[in-house]
Amino acid sequence: MKKIQLDPDNWSAVIEPGVTAFELQKAVTQQGYRVNTAEPAATVCANIVCTGLFSTWANAYGVGADHIVDMTFVDRHGTVFRINDKNAPNVFGFEQAVHPPPGICTEARVRMHPVTDDEEGILVPFTSLADALFFARDISRRRIGLAVGILGGHYLSTFISPTESLAEKTRDIFSGILEMTHVVSVIGDKYARNSIKQMVPCVIESNTLKMLMLGLPRLAGSGWTDIVTGLESDRPAYESIFSQEMLPVLEQVLAPSPETLAAAVDEDLREFYTNLYSRPHMTDMVWLTMFRIVSARMSRHKHMFAFLIYAPLDRVDVIQDLIASFADIAETHVIDHDLGFITPMDFGKRGILEYDYYIDHTDRTESEKIQQAMKDIEPMIDKLSAATRGVKFLKYIFSQGCARKENFLYT
Ligand SMILES: Cc1cc2nc3c(=O)[nH]c(=O)nc-3n(C[C@H](O)[C@H](O)[C@H](O)COP(=O)(O)OP(=O)(O)OC[C@H]3O[C@@H](n4cnc5c(N)ncnc54)[C@H](O)[C@@H]3O)c2cc1C
């Protein structure tokens, strides 16, 4: 169940169904490669079959059938088949209906990808979703960058904050005072990052992000309102704060270190956090994006219901309407809600959008609210999907995760 057999000459790895994303990524990373995986605890075979395995790496590596060279299944009658066999059931097709899985996957040969030693993360801040969308689509169609994701205020602040209260304060500072309502997070080599720096007025490079992460309690605690008010610029505040001239000042103010960060957690956890954040991995965007161990933080304040929709990325109006509809339904049912992420795909022609609802799962009235909200959400997406090509609800892709992406993105 746990076999991982790397075949570097053939750019692939053979895995059994008990192998988790974390285990596989760790094994291939040690040999200098990468696989596209999502949640670290998810078993890779199940993830492919179940959701088609989407992540911010989908921008470069795709989804669904893009992940696989071959898979072996046992169907409900006990028949064993390989999907590469000409006589096998067609798992590559897609139908807009709720389907059972093709069977139990007993083995998969998944694709491995090359990695260069100059990859780093970079964040591009924006004051509006429309601008962030345009930029993400633009770099995707130009083939700039590998993992690309538009993040709203909640995801960014939550991922980098070790506590819930620090995440809330950080969000207020990022969105409110620094005016960055959205960021486009990109993992790319030096050529990609250099191109991006020529395209936008402001970026947050990996060393600045590391500084922010390790100095976060001081970012949340200091008098940023006064500093920003004193800047007297008609440009967004983040452009001044993250300018080259300001970085030494920022470093002085934040005093970034594992100890500074650990000051945000309860006293009995401080030593642990100091040791944890002394590891370079915990502030390395490439590693964090590949292994995703901090994404568990997104459900820290409440249980999350994630809604995933493929959408045409050039239709900013459709995406904004979709987000507004999710927000309206949540407000009607008094449910916490926020944009999760949007990742461009297939040269920016399409994207995948996650919108999240948050409920207190220990409160029965909250679970009733989500049940009522679902009655509004499903028809809303079905109607949009019928009227707009490229809009597809992940609900219909469940168990058809081996399908070719073209069969659900363009039908
Ligand atoms: C917080 C959170 C975030 C997530 N983020 C993402 C994300 O970004 N991208 C993404 O793609 N998914 C995401 N998921 C979905 C999840 O990771 C996948 O559905 C994954 O399949 C779960 O893995 P598991 O090993 O727990 O599978 P299980 O929960 O055990 O199984 C999932 C489904 O697959 C079936 N299954 C299990 N094993 C096999 C097998 N060998 N052959 C055939 N069918 C099988 C099960 O019957 C079940 O229907 C997220 C889930 C959570 C809770």
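I started with Met374 and looked up its contacts (heavy atoms within 4.5 Å): leaving out residues up to four places away in sequence, Met374 touches Phe307 and Pro379. I am working with a predicted model, where local features need pLDDT of at least 70, side-chain atom pairs count only at pLDDT 80 or more, and totals for chains, interfaces and linings use all residues. I number residues from 1 along each chain as its sequence is written, and side-chain values use heavy atoms, with hydrogens and water left out.

I found Met374 in helix H17 (residues 364–387); helices here are DSSP runs of H or I, at least four residues, numbered from the N terminus. Buried or exposed, or in between? Met374 is partly exposed, with a relative accessible area of 25%, since buried means under 20%, exposed over 50% and partly exposed in between (1.4 Å probe, protein chains only). I also checked Ile329: its C-alpha is 9.1 Å from that of Met374, though they are 45 residues apart in sequence.

Next, the cores. I take a nonpolar core as buried Ala, Val, Leu, Ile, Met, Phe, Trp, Tyr and Cys residues joined through side-chain atoms within 4.5 Å. Which members of the largest one touch the most others? Of its 112 residues, they are Val184, Ile196, Phe242, Tyr310, Phe326 and Tyr357. Helix H16 (residues 316–332) gives this core its largest share, eight residues. I noted a second, separate core of 26 residues, with Ala38, Leu53, Ile68 and Ile83 among them.

Then I followed Phe242: beyond four places in sequence, its contacts include Leu178, Met180, Cys202 and Leu250.

Methods:
Helix = DSSP H or I, 4+ residues; strand = E, 2+ residues; numbered from the N terminus.
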